[in-house]
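Here is a short report on one protein structure. Look at the sequence and the fold, then read on.

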Amino acid sequence: MSPQVMRDLAAKVTEALIERIDGLDDSNAWDGEFRDVLERALGGSPPEDERPAEDVLEQVVRNVLPNAARLDHPRFFGFVPSSPTWPGVLADFLASGFNINSCTWLVSSGTSQLELVVVDWMRNWIGYPEGSGGLLTSGGSAASVEALVTAREAAGHPERPTVYMSDQSHSALKRAALIAGVRRDHIRIVASDRDFRIDLDSLREQVSADRNEGLHPLAICANGGSASTGSIDPLAPLADYCASEETWLHVDAAYGGFAMVTSEGSELLTGIERADSIGMDAHKWFFQPYEAGALLVKNAEHLENAFAIGHDVLQDTVWGANHPNFADRGLQLSRAARALKIWMSVQTFGMAKFRAAVQNGLDFARRAGEYVSSSPVLELVTPVSLGIVCFRVNPEQGDYDETMLEDVNRKVLTRVFWDELAFFSSTTLKGVFSLRLCIINHTTAWEDVQRTLARVEQLGEDALNEM
Ligand SMILES: Cc1ncc(COP(=O)(O)O)c(C=O)c1O
C-alpha cells in the first residue's frame, strides 16, 4: 500500500473508533446476532481477487465489530467490564505497527525494559520484596497456568499432586490445575463460609486427609476478589497455614488486584504480599485493552526454573545477566508488547488519576449497596465488595417463596437485557439466584448506576404484579 492509502485508511479507523467511543452513552450496552445471519454476511471462502480496502473496513466496522458487548459502555455492569484508555488503545496499534515481538532482550529491548518497569510497579503496589518478579500474560487464565506450573516445579514435580480452592474460585484455576498435571478428582473444591470466603477448617481437614492418603498438596489458590461476589479469602491466615504446610499460596487477584493502588484496596487485600504468586489483570480494573494480564512470583527464580528451556535456534538471544528474556518466564515465545499500553497510559494520566478511577469503582459500588438497602423492592444478597453488588428483587412487603423470587429476578434480568438501557449479569450464590453489578468503568457516572437500579426497581414491580 502506498503511504497515502495507509494514511487514509488509518484516518478512517481513527474516525470510526472515536465515533464509537464518543457515542457509547447513546448506544446499546450490548448487541449480538445469530450464527446463520452472520454466516450469510461474513462466511465463504477467501476471495481470490482483491477488494477496495475501504469496503473491507466499512464491512468490519458496520457488520462485525458492533456485534459485541460494549464492555466499556458506562452502563455495562456485566461479568467483569473493561474500559480501556485511548493511549492504551494507541499503544496496541503502535506495537502492531512496529511489529514488536517481546520475546527476548535481543529482539525487543525497549519493550522488555518497559515490562521490567511495569512489573516492578505492580511489585510495589502489592508490597512484594526485591527479588520478586514476573511477566505480563494474556490474562488471568494464562497467569493461573503459569503460577501452578511454577508451583509444581518449585516443589520438584511431585507425584499425585492436589490443588485446593474454594467453591467461589474461578473456573480458570481448575483448568490451570488440570493443565499443570493435577488429576480432575484431585482438584479439591473447599466450601466457602457465609461470606463466600474459603472455610479454613474444611481446608485443613481436606489437606490432612490427602496427606494421610499419600497425596501431595501442591498449592492453595485464594481469591483476591472472587468473580461472583468480590469476596476476599482470609489471606494472612492462609499464608500462615501455607507456610506451616510448605504449600504454595497463589492468589487469583485477576479481578480485584488493582484495587491495591488505593489505600482502601490495599487494606482490604492485606496479606496478599505473603503469597508465593499473584495473578492480576490490567484489562479489568486498570483500564487497558485486552490482553493485559500479569503474574508476579515472590521468588522470581522459580519462574525461570519452570519455563526457561534453551533452544539452538535461540542461542544468540542470550544477552547476559540482568537482561531477561521474558519468553523464559512463561508459556509464550512470540509475545505481544503488553507493557507498552500500561506504561503509556500511566505516563499520560499519572497514578493520581488511576487511583481516583479505581476508588470511584469502590465508592459507586458502596453507594449502590446503600441504594439497594434503602429500596423497598430490592435487597442485598451479599455485602458489597471490591466494586461488586449482588442483589435481587425481594420486596419488604409480601411473602414470596424462593421459586417465585427466582422467577421474578430472571424475568427482570431478561427485560433489562432487551430494554437496552444497561447490561448486567447474574450469579448463583449458595443456590440463590442473584443479580450482579460490577462497577469498575472509569467513565461510569453515579447517574448511570442510579438509573440502572431505578429501572430494576420498576421492572421488579412490574414482574411482581404479573405473578
Ligand atoms: C477472579 C478471576 N480469575 C480469573 C479470571 C480469568 O481471567 P482472563 O479472562 O483474563 O483469562 C477472571 C475473569 O473474569 C476472574 O474474574
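## A first residue: F417

F417 is partly exposed, because 15 other C-beta atoms lie within 10 Å. The cut-offs are these: 20 or more other C-beta atoms within 10 Å of a residue's own make it buried, 12 or fewer make it exposed, and anything in between makes it partly exposed, with C-beta atoms placed from the backbone. F417 sits in helix α15, residues 402–419. Helices (H or I, at least four residues) and strands (E, at least two) are DSSP runs, numbered from the N terminus. W30 is 387 residues away from F417 in sequence, yet their C-alpha atoms are 8.2 Å apart.

This is a predicted model: local features need pLDDT of at least 70, side-chain atom pairs count only at pLDDT 80 or more, and totals for chains, interfaces and linings use all residues. Residues are numbered from 1 along each chain as its sequence is written.

## The whole protein

The protein has 16 helices and 11 strands. Its radius of gyration is 24 Å, close to the 23 Å that the globule rule gives for 467 residues, so the protein is as compact as a globular protein of that length. That radius is taken over C-alpha atoms, and the rule is 2.2 Å times the number of residues to the power 0.38. The C-alpha trace spans about 70 × 70 × 45 Å along its principal axes. Of the 467 residues, 47% are buried. Among contacts between residues at least 6 apart in sequence, 75% join residues at least 24 apart. Two residues are in contact if their C-beta atoms, placed from the backbone, lie within 7 Å.

## Two domains

Domain 1 covers 1–31 + 68–83 + 350–467, and domain 2 covers 100–348. These bounds come from an automatic or database domain assignment. The domain centres, taken over C-alpha atoms, are 29 Å apart. The contact takes 21 residues from domain 1 and 23 residues from domain 2. On the side of domain 1 that touches domain 2, α14 (351–374), β9 (388–393) and β10 (425–429) each supply at least two residues. The largest share of that side comes from α14, with 8 residues. By class, the side of domain 1 that touches domain 2 has 11 nonpolar, 9 polar and 1 charged. Ala, Val, Leu, Ile, Met, Phe, Trp, Tyr, Cys and Pro count as nonpolar, Asp, Glu, Lys and Arg as charged, and the others, Gly among them, as polar.

## Around the ligand

Which residues are around the ligand? They are V80, G139, G140, S141, H170, A172, A227, D252, A254, Y255, D281 and G293. A residue counts as near if its C-beta atom, placed from the backbone, lies within 6 Å of the molecule. This shell has 5 nonpolar, 5 polar and 2 charged residues.

A294 is in strand β7. It is buried, with 29 other C-beta atoms within 10 Å. Its C-alpha atom is 10 Å from that of S141, 153 residues away along the chain. Leaving aside neighbours within four places in sequence, the contacts of A294 include V119, M122, G134 and L136.

R75 lies in the loop between α3 (53–64) and α4 (86–97). R75 is also buried, with 27 other C-beta atoms within 10 Å. Not counting residues up to four places away in sequence, R75 touches A29, L421, A422, F423, D448 and T452.

## Backbone details

H157 is in the loop between α6 (140–154) and β2 (161–166). E420 is in the loop between α15 and β10.

A cis peptide bond joins Y290 and E291, with omega about 5°. E291 lies in the loop between α11 (282–285) and β7 (293–297).

Helix α8 has 13 residues (200–212), which at 1.5 Å a residue should span 18 Å; its end C-alpha atoms are 18 Å apart, which agrees. The expected span is 1.5 Å times one less than the number of residues. Just after α8, G214 takes a positive phi of about 85°.
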